[in-house]
Amino acid sequence: MADLPPSAPPVQLLADLTNANIEVNAGYSGTSISVFGAVFDPKGNPADVVVVVRGPDQRVSIARRERRAGLWLNGEPASVSGAPGFHLTAASQRLSRIADPGTLNQAGVGLDSLPFSVPGGGAYRQAFIRLKVREGLYAEDPEGVDFVDRGLFRAEVDLPVSAPVGRYRVEVLLFQDGQPVARRGRDLVIEKVGVERLISGFAQQRPWAYGMVCVLIALAAGWAASAAFRRV
């Protein structure tokens with residue numbers, strides 16, 4: 001019996017970050033990181049790369065404005081839990097050309113795949129996503145991944161100053177023929193340092209004391225301004 005030819009090695013995906021730890025201080029005004037990597041496919045089949053950056057989950061409340069007695073007022077608030085504070089999907093082309101919606105949702109790609117629910121139905125969910133997009137915290141970039149050379153890719157991720165501190169997850173997925181065939185994950189940490197870290201820790205551990213200190217500082221500032229005005 002003739003020997004069978006050796007099977008081709010599987011497709012491989014390598015990925016990493018230029019900076020996996022971002023420090024936030026008084027002069028912090030946002031930053032950007034690069035996600036880079038390489039695709040090794042012995043067969044040379046066409047491939048697409050998708051980068052998903054997800055920030056820490058946050059619990060927030062949203063309310064729909066309602067008209068009451070001729071006035072526009074906030075209605076009953078709805079609590080949103082399980083939604084990331086930051087979410088970016090960058091791809092080498094439009095997601096609709098990479099895979100079908102069901103496959104993208106299963107892979108956790110795109111804003112439609114976010115697994116959070118909002119009381120009140122889809123209208124509240126879409127309103128929440130639009131709000132996050134407007135704030136620059138949610139985005140989909142169909143041209144966010146560039147193949148700089150054969151098999152080599154790069155994506156620039158902009159992190160605004162409003163991006164929450166905490167642990168992020170960066171997922172890099174390789175798609176071929178409409179299916180994810182490889183995935184690599186990396187952790188990214190945004191943390192406060194110096195005085196900002198001390199103040200943030202004090203506010204979280206002793207919120208009542210922090211509130212009282214803020215009130216005393218405001219009163220002292222008001223008294224100082226009043227005294228200076230009387231001298232003029």
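This is a predicted model: local features need pLDDT of at least 70, side-chain atom pairs count only at pLDDT 80 or more; totals for chains, interfaces and linings use all residues.

What percentage of the contacts in the protein chain with a separation of 6 or more do residues 24 or more positions apart account for?

Mentor: Among contacts in the protein chain with a separation of 6 or more, 69% are between residues 24 or more positions apart. The chain has 14 strands and five helices, and of its 232 residues 34% are buried.

The largest nonpolar core contains 40 residues, and within this core Val51 and Leu159 touch the most other members. Setting aside residues up to four places away in sequence, valine 51 is in contact with Val35, Leu88, Thr89, Ala90, Val145, Ala155, Val170, Glu171 and Val172. A further core of eleven residues lies apart from the largest one; Val50, Ile98, Leu104 and Leu173 are among its members.

Aspartate 177 is located in the loop between β13 (166–176) and β14 (179–192). Its relative accessibility is 76%, and therefore aspartate 177 counts as exposed, the cut-off being over 50%. Most residues other than glycine have a negative phi. Aspartate 177, although not a glycine, has a positive phi of about 55 degrees.

Definitions and conventions. Residues are numbered from 1 along each chain as its sequence is written. Side-chain values use heavy atoms; hydrogens and water are left out. A nonpolar core is a set of buried Ala, Val, Leu, Ile, Met, Phe, Trp, Tyr and Cys residues joined through side-chain atoms within 4.5 Å. Buried means under 20% relative accessible area, exposed over 50%, partly exposed in between (1.4 Å probe, protein chains only). Contact means heavy atoms within 4.5 Å. Helices (H or I, at least four residues) and strands (E, at least two) are DSSP runs, numbered from the N terminus.
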